[in-house]
There are 2 protein chains.
Amino acid sequence: MTASNTRFANARLADGSLVDLTVADGRFSAIAPAGESAPAIETIDLGGQLTVPGFVEGHIHLDTSFHGDAWRPHIPCTAGFDVRERVAFQSRNLAAAAPMAVRAKNQLELCVAHGSLSMRSHVMVDGSVGLKHLEVILAVREAHRDLIDIQLVAFPQSGILSSLGTAELLEEALKLGCDLVGGLDPASFDRDVKGHLDVVFGLARKHGVGVDIHLHDGGTLGLFEIEEIAARTKADGMQGHVVVSHAYALGEFSGDALKKAGDMLAASGVAIMTNAPGNHAFPPVASLRQAGVTVFSGSDNIRDSWWPYGDGDMLNRANMIGYRSGFYEDHELDAAFDVVTHAGARALRLDNYGIGVGAAADFVTLGAQHVPEAVVAVPKARTVYRRGRAVARDGKLLG
Amino acid sequence: MTASNTRFANARLADGSLVDLTVADGRFSAIAPAGESAPAIETIDLGGQLTVPGFVEGHIHLDTSFHGDAWRPHIPCTAGFDVRERVAFQSRNLAAAAPMAVRAKNQLELCVAHGSLSMRSHVMVDGSVGLKHLEVILAVREAHRDLIDIQLVAFPQSGILSSLGTAELLEEALKLGCDLVGGLDPASFDRDVKGHLDVVFGLARKHGVGVDIHLHDGGTLGLFEIEEIAARTKADGMQGHVVVSHAYALGEFSGDALKKAGDMLAASGVAIMTNAPGNHAFPPVASLRQAGVTVFSGSDNIRDSWWPYGDGDMLNRANMIGYRSGFYEDHELDAAFDVVTHAGARALRLDNYGIGVGAAADFVTLGAQHVPEAVVAVPKARTVYRRGRAVARDGKLLG
């Protein structure tokens, strides 16, 4: 027993059991039925509050949010949605915004304040901004290492083949500290599925990193790209290291076509990230989970040039996953919660996640009697513990 | 100037102007540019906070919620959704629940705590429960008259023609104090559109009350029923007194068919209530508003036998309306807010609504700089004023 150990007495776990959690050196060192734990230097009585692992923010853009900065009204594209036009709108907005380091910190603290203690952020890397965004976000990550674990994806926001020099920049980004290589709509953006994936998977192989590809393409085109990604994942032995983010196309299929896609994703170990968009088809969470696919979630954009929504609260995101999926039964609400916790940890390959001996003592207490109630009520009343230390309460960071 | 007058200084209105609001005898007696108002007995400085009229909860079921009572897990119907089976599930649940008066009070206070000061509640009236629900809810309404204005709809939850004696019960309900007569899926439930509407509109004519019909029927069947309701509304000169709640069918049409439906609804003065359901087509808010249709909203069920969702926060409902409708621009977010405020007041025919001289001083101050930000951020930080008196703060009733 070290001098730093603390006993969190009377924690109600998701399975309903009431336990004492002992934390030493930032990790759970013992878990015992309530009242049966060994004494510790300090005891904090959780009073039977629901105690869950920290949420996993699986997809966010730390470099582009205006949360905490001036309000920037959304402007639609001139003739239907166009990624290039939106990127241009974004660069005008960013030029006028507060420094990126400040905005990234605002957003990161918003997430921690609501209970996320692990995060995967995409960071824009392209011919126009080069590695400038990444340099800022790497420093922000370093400065907040004690507060939250951050994975960074080198994200080719302007395509790879169609944005000169981006392949080289992506490689440079990996050398600088990115954990994964990203991609963006190989068909609709770069007009060359094979060429785009050659670069992405080539860099992944060369640098031993994972892959996380933004895929908005719908219908049979999107499904074709998902098939190609799954095939490469299997061929390269990268099962468990590849994510397709958004994957809207999966929301447009049902019956046998959906079953086939789910089985293929499960067999190739490709995970799917969805934020349960409001007015768009999105991957069917229950069907994919049933097929064995890891489905996880993230806020995606928070108040940026792409849309004004987002609150950084992954418990609210679980509510949205459930609401949009028609999840009413307790086991379904549990599934929505799994999407923002354990499934996210699996997709991000987090070691030492969860409430178990040896795991990092990153947890959240919630003003709810059990997980289904937490998902429908989204209580603001909560305390966030990082490595056993309270860091936020009721949506606000502590001192 | 009466002894009771109070000046609320530095209120930021939705149009951006900064004003002083003077309240006397529970009404706005004067509105002047900030700093230019006459002295009052008491002055409360709102410090430039966004100040908006109380929200309109346009569709709720005060008699069936379990909010604040024990958690009752949702159980699906045995073979696809079936209203009769769900009603049976509901009666088993209600039999085991806390007294209805307690549950109704819980729910009503939840709504007021978040800023709703006007409400339309449907109350179940049928052969099985008779007028028992209504008697309780009438008493609850009376007991909370100072806190919130409540309209009651006599709601034939088990149909009219197919539930013996319901027509007579609906009439009795109107005599007891219901403000409107309800209806329920004339086609799919009673299998007789004309017969069902004959009873509903007959009672409305006879008692001089409005109509608010639950219509879940989809596709061309639902559209046919909407056409029939609109035609009767026009024929009976009831423009502005008739609501179709849910009207899912409208979400299944587009182009000319939608335009025709919107024009017909606008011309007949039939309003549409939608709660922006999560996994179901719903009326297209922007298109209908453009056609001149009054579209308003409500929580619908809050944690009851129909679903576990709902938080009684109409600002969060505006967020959901916007999120589900793809509203990103400021004018769209303003529209989502209008749905839960002024449009609701129009649908409920509320006199003296809004922030204007002579109107009831029912208002909410919000921790947001303007309406679009309030809709995307849904700040919990807010104070609710009823007739000029603070009654709730940050989601909790005062004293």
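Predicted model: local features only at pLDDT ≥ 70, side-chain atom pairs only at ≥ 80, totals over all residues.
Student: What box do its C-alpha atoms fill?
Tutor: Along the principal axes, the C-alpha atoms of chain A take up roughly 65 × 50 × 40 Å. The radius of gyration of chain A is 21 Å, which agrees with the value near 21 Å for a compact globule of 399 residues.

Student: And what share of chain A counts as buried?
Tutor: 54% of its 399 residues. As for contacts in chain A with a separation of 6 or more, 73% of them come from residues 24 or more positions apart.

Student: Which residues have the most contacts inside the largest nonpolar core?
Tutor: Val123(A), Val125(A), Ala154(A), Ile272(A) and Val339(A), in a core of 116 residues. Helix 2 of chain A, residues 100-114, gives the most to this core, with 7 residues. Domain 1 (6-53 + 353-397) and domain 2 (55-149 + 175-347) of chain A each supply at least three residues to this core.

Student: What is Val123(A) in contact with, leaving aside neighbours within four places?
Tutor: Among its partners are Leu62(A), Asp63(A), His133(A), Leu134(A) and Ile137(A).

Student: Why say the copies meet through the same surface?
Tutor: Because 100% of the interface residues of chain A are interface residues in chain B too.

Student: Over to helix 5 of chain B. How many residues does it have?
Tutor: Helix 5 of chain B has 15, residues 193-207. From first C-alpha to last it reaches 21 Å, close to the 21 Å expected at 1.5 Å a residue.

Student: Which of its residues are buried?
Tutor: His196(B), Leu197(B), Val199(B), Val200(B), Phe201(B), Leu203(B) and Ala204(B). An α-helix has 3.6 residues a turn, so residues three or four places apart point the same way.

Student: What covers the buried residues of helix 5?
Tutor: In chain B, the cover includes helix 4 (166-176), strand 9 (180-184), strand 10 (210-215) and helix 6 (219-235).

Student: And what follows helix 5 of chain B?
Tutor: Gly208(B), with a positive phi near 60°.

Definitions and conventions: Residues numbered from 1 in each chain as written. Chains lettered and ligands numbered in written order. Helix = DSSP H or I, 4+ residues; strand = E, 2+ residues; numbered from the N terminus. Expected span 1.5 Å × (residues − 1). Buried ≥ 20, exposed ≤ 12 C-beta atoms within 10 Å, placed from the backbone. Contact = placed C-beta atoms within 7 Å. Rg over C-alpha atoms; globule rule 2.2 N^0.38 Å. Core = buried A, V, L, I, M, F, W, Y, C linked by C-beta atoms within 7 Å. Domains from an automatic or database assignment.
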